[in-house]
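Here is a short report on one protein chain.

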Amino acid sequence: MGAVAREDYICVKRRNQTFFIHTSPSDTFDRIKSEISLAMGGSDVISPQKMRLYIETPKPTVTLAKDADKDISEKTLPKGPIPDTAILSDHDVKNDAVLYVTFAKSWESGGDSPVPEGDDAWEEIEIVKP
């Protein structure tokens with residue numbers, strides 16, 4: 001009997017939207033962006049090139065050592081959007097992970113407008129809590 005492919009899902013948040021996407025560890029971030037584009041109505045609405053994905057920032061943990069020194073550990077995260085060619089498993093994105101997506105500020109102008117350059121041309125990460 002063949003090996004069973006593992007199916008996970010991740011949660012991708014943007015403002016007041018949440019996308020649940022089935023993934024496998026070998027998926028690229030570009031595939032995740034394509035799935036979000038499809039959920040939004042396809043490339044005619046927003047192309048994957050007008051999206052940036054970010055990994056949720058874990059909170060630092062503080063532990064007390066025997067000698068009462070504080071050991072603060074925190075995962076090292078990329079300082080910006082994740083490259084499209086990166087693979088989920090390379091960034092330790094597992095089942096139930098939370099990612100954030102931002103759109104180019106010009107995304108509503110359609111799929112043919114150029115991809116913006118510079119961080120000020122992109123939305124800030126902003127999640128609306130109910």
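## Cavity

The count comes to 1 cavity of 30 Å³ or more. A cavity here is a set of points, on a 1 Å grid over the protein atoms alone, where a 1.4 Å probe fits but cannot get out; lining residues have an atom within 4 Å of a point. Grid points are joined across faces, edges and corners, and a volume is the space filled by probe spheres set on the points. The largest cavity has a volume of about 30 Å³. S1 and S6 are the elements that give two or more residues to its lining. S6 gives the most, with 3 residues.

The lining of the largest cavity includes Lys 13, Arg 14, Arg 15, Tyr 100, Val 101 and Thr 102. Glu 123, Glu 124, Ile 125, Glu 126 and Ile 127 also line the largest cavity. By class, the lining has 4 nonpolar, 1 polar and 6 charged residues. Ala, Val, Leu, Ile, Met, Phe, Trp, Tyr, Cys and Pro count as nonpolar; Asp, Glu, Lys and Arg count as charged; the others, Gly among them, count as polar.

## Model and fold

The model is predicted: local features need pLDDT of at least 70, side-chain atom pairs count only at pLDDT 80 or more, and totals for chains, interfaces and linings use all residues. Residues are numbered from 1 along each chain as its sequence is written, and side-chain values use heavy atoms, with hydrogens and water left out.

The chain has 1 helix and 6 strands. Helices (H or I, at least four residues) and strands (E, at least two) are DSSP runs, numbered from the N terminus. Along the sequence the pattern is β-β-α-β-β-β-β. Buried residues (under 20% relative accessible area, 1.4 Å probe, protein chains only) make up 35% of the 130 residues. Contact means heavy atoms within 4.5 Å. Among contacts between residues at least 6 apart in sequence, 56% join residues at least 24 apart.

Two strands pair if DSSP finds at least two bridges between them. S1 and S6 pair in the parallel sense over 3 bridges. In S6, Val 98 is the bridge partner of Cys 11, and Tyr 100 is that of Lys 13. Strand S3 (residues 51–55) pairs with S6 in the antiparallel sense over 5 bridges. There, Met 51 stands opposite Phe 103.

## Strand S1 and Asp 8

In S1, 5 of its 7 residues are buried. S1 pairs with strand S2 (residues 17–23) in the antiparallel sense over 7 bridges. Their hairpin has 2 residues between the strands, and Arg 15 takes a positive phi near 45°.

Asp 8 lies in S1 (residues 8–14). Is Asp 8 buried or exposed? Asp 8 is buried, with a relative accessible area of 8%. Its bridge partner in S2 is Thr 23. Not counting residues up to four places away in sequence, Asp 8 touches Ile 21, His 22, Thr 23 and Asn 95.

## Ser 37 in the helix

Ser 37 sits in helix H1 (residues 29–40). Ser 37 is buried, with a relative accessible area of 2%. Its side chain reaches the backbone oxygen of Ile 46 at 2.6 Å. Leaving aside neighbours within four places in sequence, Ser 37 is in contact with Gly 42, Ser 43, Ile 46, Ser 47, Pro 48 and Met 51.

Notes
Buried < 20%, exposed > 50% of the residue type's maximum accessible area, 1.4 Å probe, protein only. Polar contact = N/O pair within 3.5 Å; in protein donor to acceptor, adjacent residues only side chain to side chain. 1 Å grid on protein atoms, 1.4 Å probe; cavity = no way out; pocket = protein on both sides within 12 Å on 5 of 7 lines; lining within 4 Å.
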